[in-house]
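Visitor: I am new to this structure. Could you walk me through its side-chain contacts?

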Amino acid sequence: MTDYEKLGAFYLGRPYDLATRSGEAGGALLYDSRDLVTHGVIIGMTGSGKTGLGIGLLEEAAIDGVPAIAIDPKGDLANLLLTFPDLSAAAFRPWINEDDAARAQQDPDTFAAAQAAFWAKGLASWGQDAARIARLRAAVDISVYTPGSSAGLPIALLKSFGAPPPEIIDDHELLAERISASVTGVLTLAGVTADPVQSREHILLSTILDWSWRNGTDVTLEGLIGHVQAPPFQKVGVLPLESFFPEKDRFALAMRLNNLVASPAFAAWMQGDPLDVDTLLYDKAGKPRLSIISIAHLSDEERMFFVTMLLGATIGWMRKQSGTTSLRALLYMDEVAGYLPPSANPPSKTPMLTLLKQARAFGLGVVLSTQNPVDLDYKALSNMGTWCIGRLQTDRDKLRVLDGLEGALSGKPGFDRAELDRVLSALGKRVFLLHNVHEDGPQIFETRWTMSYLRGPLTLEQIRTLMASRKAAAAAGAPAAVRATGTGATAAAAPASNVQAPVAARPVLPPDVPQFFIPTRSRGGVHYEPRVFASATVGFDDRKLGVSVSRPVNVLVPIGSGAVVVDWSQAEDTDVPLADLEQQPADDATFADLPSPAARAKSYDAWEKEFKAWLYQEQTLEVMKDGSTGLVSTPGESEREFRIRLQTAQREERDARVEKLQAKYGPKRNQLLERRRKAEQAVAKEASQKTGSMVQAGMSILQTGIGALFGRKTFSATNVTKAASAARSIGKAMTDSQDVDRAQENITAIDQAIAALDAELQAEIGAIEATLASAPLEAVTLQPKKTQITIQRVVLAWMPS
């Protein structure tokens, strides 16, 4: 079996000969993972092996450490969880289809044993074994999400419409697409058919999201309903709000949206973690994930809503990534019919086209699967560099594919539409035509045996069983309690001895003691406690590590009445910046008593000096350094985020080194192949000469014998001359035979040189993998210089309790 475990290469199957109806013995079709950056499509009718090819592709991506999100409208992709390294009958038993066992006239246990043996044999026939299954399971975390259901991992899609990142906010076109997709999705879910340009419902919700997101505010569904009733603006376009959408009509829209929240059927949409693409692609430690999004249980409207929201979130994640030519992540969608049609314009179409046009620059590959090519938009097909075409159902499908291939291959030598037509008509089960724009021409291949047990679509209950242990582990790791903050400030309560009794009036202070107020959303009954608010900028600089950064520090410190009025060890970080402090307190507020030192301006000068000394002693910057690449984490970058970035950097380094090696060894190998070709010609020439010499020697011997037998004189001069000539012919024939042997030895030597060169290349490629192996990260702690500490203000701040 050909060694198919290559860096960055996906083992999809083996070359297939349509004439003999057989795959190439020991052959392997290896697909360069980087080619998926230009996206791909899998086309084939039911029974063509399309799903198996898709699952095999996801398995190869997982083994290569490429994270993936797989949208599963039918329930087939959850089979990726059915991998059994021991290949035992007991492992297969819970997952067999008992109807299949009945049709086979076997009891379930016997059928399970037969399936286990059948799968083990199938894997072995493709050079795969239990060790490769174990490697797959160790490479990625595979999970099944079930939005709108608690069977798998839930996604709280209706809990919040999170504000997109600045990269999208600053791009008018992308922001408009994100808003339109979100609004169309939620209105579709509410049963409202709305045109983005003509519908006032769509325009109103779009304006609300635009206003909120531009102000950096996430919008919950409840908040959206509130904004519908009382929008945060008074005009829509140039028209007054009441003229454009009267309050009575807005109330009707709010009621329709409220039905979503009130309906028990939609309670599951409010549970689970928020939709976050980064979390779907990597776990908390930065390990790649294969997240299967099963939507088979949803209605058509719900599926459209979820897919639209997921695609929009994927665009937001994509725009935050750096550019790369390596495959960073994969987005796979099975049975894409209805989501990217050629004529209609569903909510999912625009974000999907955006991904197909832009994702390649960020290393995100998109692969779509469908039964009928007529289900796909022409613009989408033109943006896909890889086509895997299996058996097609109708002549119309075949014509659509041929038209697409003709457009893609036009101008290339050897294109023959009639031949491609014949090939497409001859394709059988699990046999596909591969068109890759990065290769010279189409290839026919047979898909490999999947490591996952293909038992067919899984039900919600089966998914619940598969994910039970994962959900239990997640629940066990959840924090026991969550601390609530009502002001946005993170501040510890003052010691019990420092708690002051409330007074009615606001303290009167000298004009040289400025006082501020921590913002609060409460409208009445607010009680204020005194704190010292200190704000500074701390810089960290290390030229060797390439770190030069400044960060703001804002803290709140309780004010005591003992010997140490301000104890900086009790300082707590706050997310309220100096600019957000308010000049006026809330209405009808009460105030705690203010210790006398806090009423003197000189106290704040002393506290400023103490604050600077405390910062110098306590402030540090933790960064991580990777020994293999020398990369250093950026300030604020978590270990998980850093490891994810390292994976991309190492993959890019790996691809670059492998490409360099191929460029290095390619000419040498071509020279050896050319020498072998010439050596083969030499063998043929010497063999021809040998044959002629042997014939000539034979004729000379024959003539000499005849002359000796029938001549008058046995030892005549003529007979002696003929005998000498025959001897010379025999000698020449022997010399020519030796020349043939030497030429053949030359070919053997060249073959050995080629094998040695190939072995040397593979050894160097293996060394690359060892060199780039994950190494422990080195923690580096940086401290600031006193000259890098700049104090902004140290002031009195009143904090609502």
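Visitor: How many salt bridges does a search of the whole structure find?
Guide: This is a predicted model. A pair counts when a side-chain nitrogen of Lys or Arg is within 4 Å of a carboxyl oxygen of Asp or Glu. Searching the whole structure on that basis gives 36 salt bridges.

Visitor: How many residues apart in sequence are the parts tied together by glutamate 60 and arginine 448?
Guide: The side chains of these two meet in a salt bridge, 2.9 Å from N to O. Glutamate 60 belongs to helix α1 (residues 50-63). Arginine 448 is in the loop between β14 (443-447) and α18 (460-476). The pair therefore ties together parts 388 residues apart in sequence.

Visitor: Are glutamate 60 and arginine 448 buried or exposed?
Guide: Buried means under 20% relative accessible area. Glutamate 60 and arginine 448 both count as buried.

Visitor: Which helices does the salt bridge between lysine 664 and glutamate 764 tie together?
Guide: The N to O distance in this salt bridge is 3.6 Å. Lysine 664 is partly exposed at 40% relative accessibility, and glutamate 764 is partly exposed at 25%. The two residues lie in separate helices, so the bridge ties together parts 100 residues apart in sequence: α20 (residues 639-710) and α21 (residues 717-771).

Visitor: How many residues apart in sequence are the parts tied together by aspartate 751 and arginine 676?
Guide: Their side chains form a salt bridge of 2.4 Å, N to O. Aspartate 751 lies in helix α21 and arginine 676 in helix α20, so the parts they tie together are apart in sequence by 75 residues.

Visitor: How far is the charged end of arginine 14 from the ring centre of tryptophan 126?
Guide: A charge must be within 6 Å of the ring centre to count as sitting over the ring. The charged end of arginine 14 sits over tryptophan 126, and its distance from the ring centre is 3.8 Å.

Visitor: Which element gives the most to the largest nonpolar core?
Guide: That core has 156 residues. Among those with the most contacts inside it are Phe161, Leu205 and Leu433. With 11 residues, the element that gives the most to this core is α13.

Visitor: Over which residues is the pLDDT below 50?
Guide: The chain has a mean pLDDT of 85, and 87% of its residues reach 70 or more. Where pLDDT is low, predicted coordinates should not be read in detail. The stretch with pLDDT below 50 covers residues 478-504.

Technical notes: Residues numbered from 1 in each chain as written. Predicted model: local features only at pLDDT ≥ 70, side-chain atom pairs only at ≥ 80, totals over all residues. Heavy atoms only, no water. Lys NZ or Arg CZ within 6 Å of the ring centre and 35° of its normal. Core = buried A, V, L, I, M, F, W, Y, C linked by side-chain atoms within 4.5 Å. Buried < 20%, exposed > 50% of the residue type's maximum accessible area, 1.4 Å probe, protein only. Helix = DSSP H or I, 4+ residues; strand = E, 2+ residues; numbered from the N terminus. pLDDT = per-residue confidence, 0-100. Contact = heavy atoms within 4.5 Å.
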